[in-house]
Amino acid sequence: MAAGPAAGGHDVVVVGAGAAGAAAALSAHQAGARVLVLEKGDADSAGGNTRVSGGGWFTHDDPERAAVFLRALCGPYGLDEEVIRAWAAETAVNSQWMRSLGAPVARSGEYHTSPEYLGVDGADCYTGMDTVDGRMGNGALLAFLRGALADNGIEVREGAAARELLRDGAGRVGGIVLDDGTTIGARGVVLATGGFAANPQMVRDYLRVPDHVLWGSPNSTGDGHRMAQQAGADLWHMDNMMTITGVETGRRTGMYLALWGSPHYLFVSAAGRRFADETAEARHGHVEHDGRYEHFPTHRFHVVFDGRLFAAGPLSPDRGVLPVGWELLENGTRWSADNSAEIADGRITSADTPGALAEAIGVDPETLETTLRHYNAACASGRDDWFGRDPATLGAVDRAPYYALEVVPMIGWSSGGPRRDGRSRVLDVRGEPIPGLFAAGEVSSTYSWCKDGGFHIADALAFGRIAGREAAALAEAAVC
């Protein structure tokens, strides 16, 4: 749609009010721009994944080593050096910037105190994870950022879903069209609309995980991706994501399965066979299998266990332990303390024999019996010749009754989106900036492959600030 002059007194329009959008709006405001934030959600859902995330950002004090770390984590999916340098420099000052806004920043003492990728070159840069008040989750980061927006007089218009970018005949972006047809002009537009995990078609097309539940916001439907593509944007690493072990709830959002209480379990496929080291560390979307990092899980399977895991506590942590996730925080769903409610509602299946359990979950009884026999023999010998599971974690599953729980991939976030440069400018298919268009946060995450704890919020704050500054500078230049 053709763009007109900036209307309504806005120099910069930011689409999305999560961490990236708030950082962009505050940064643009600090640079002297008149800013409007448009938020798709209402008061009960605004803020995207930031609303239900851990709300922490990784910290470092050495941009040079941080750049080495990021390059290593990208593996074969390298990034432009300008992006890497900007990321390394800006993530180093996230905490300083948050404190300048008045945030009570403190180091998390429970989570991400050391890097997940400890042996990777550059991991020595990782100094921990900062949060608001030193506590993880419970929406604390979003609450602080929304307060900062209000304190600075920045308008946040909720229930304002963006549909299309306004563009002039030369392709310059000059505003936004909302779903209700309202047009809002601006000199610069920052897309901070989040990912596309809640868009089933995009998940099928790009992530190849057709069968899944959500850990994060149901509003993450790829709106910014579509608008950027309409403006001619190129795309990057659209197949990257984070999945984690989830359990269905009957809704689009699921619960996190955490097998922390006991090692007496194994994973079995639909064919009734083991297929991986069950205890391989989940590193924000990647696990190491057969000497390489890969996404896991990407398909359904069953975890089979006996009474020792069943009696070891809830299989999904309460908000007092891990206050993260839409189902837990927004829907208020709780896993029973003794797993009894999940037996009653049929999510956990029990049987007196492996064969009966196999029939109950729809796998071949003889195959499951053989799988259990081989696994228990590995536990007895202290050696897993199939998948190399650490001997210290080999817990036999050999005491009746036997239990099974179906696991479904739970998508935490998508990573790909419109390609951008180190100045957060969205690039077209020729590698040229689309005038007036910027992106930050999950809509265009930096991470092309592996990422460590606190990386996504760190990226959102860093490139949100960059996008806000750049959009404000563009608006100032247009006036001049």
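Trainee: Are arginine 274 and aspartate 384 buried or exposed?
Mentor: Both arginine 274 and aspartate 384 are buried; buried means under 20% relative accessible area, exposed over 50%, and partly exposed in between (1.4 Å probe, protein chains only). Keep in mind that this is a predicted model, where local features need pLDDT of at least 70, side-chain atom pairs count only at pLDDT 80 or more, and totals for chains, interfaces and linings use all residues. Residues are numbered from 1 along each chain as its sequence is written, and side-chain values use heavy atoms, with hydrogens and water left out.

Trainee: What do the side chains of arginine 274 and aspartate 384 form?
Mentor: A salt bridge, at 3.0 Å from N to O. The term means a side-chain nitrogen of Lys or Arg within 4 Å of a carboxyl oxygen of Asp or Glu.

Trainee: How many salt bridges are there in the whole structure?
Mentor: The search finds 33.

Trainee: Okay, what about arginine 51, which residue does it form a salt bridge with?
Mentor: Glutamate 330, with the closest N and O atoms 3.1 Å apart. That pair links distant parts of the chain, 279 residues apart.

Trainee: And how accessible is arginine 51?
Mentor: Arginine 51 is buried at 17% relative accessible area, while glutamate 330 is partly exposed at 29%.

Trainee: New topic: which residue meets aspartate 428 in a salt bridge?
Mentor: Arginine 430, at 2.8 Å from N to O. Aspartate 428 is buried, with a relative accessible area of 8%, but arginine 430 is exposed at 66%.

How values were computed:
Helices (H or I, at least four residues) and strands (E, at least two) are DSSP runs, numbered from the N terminus.
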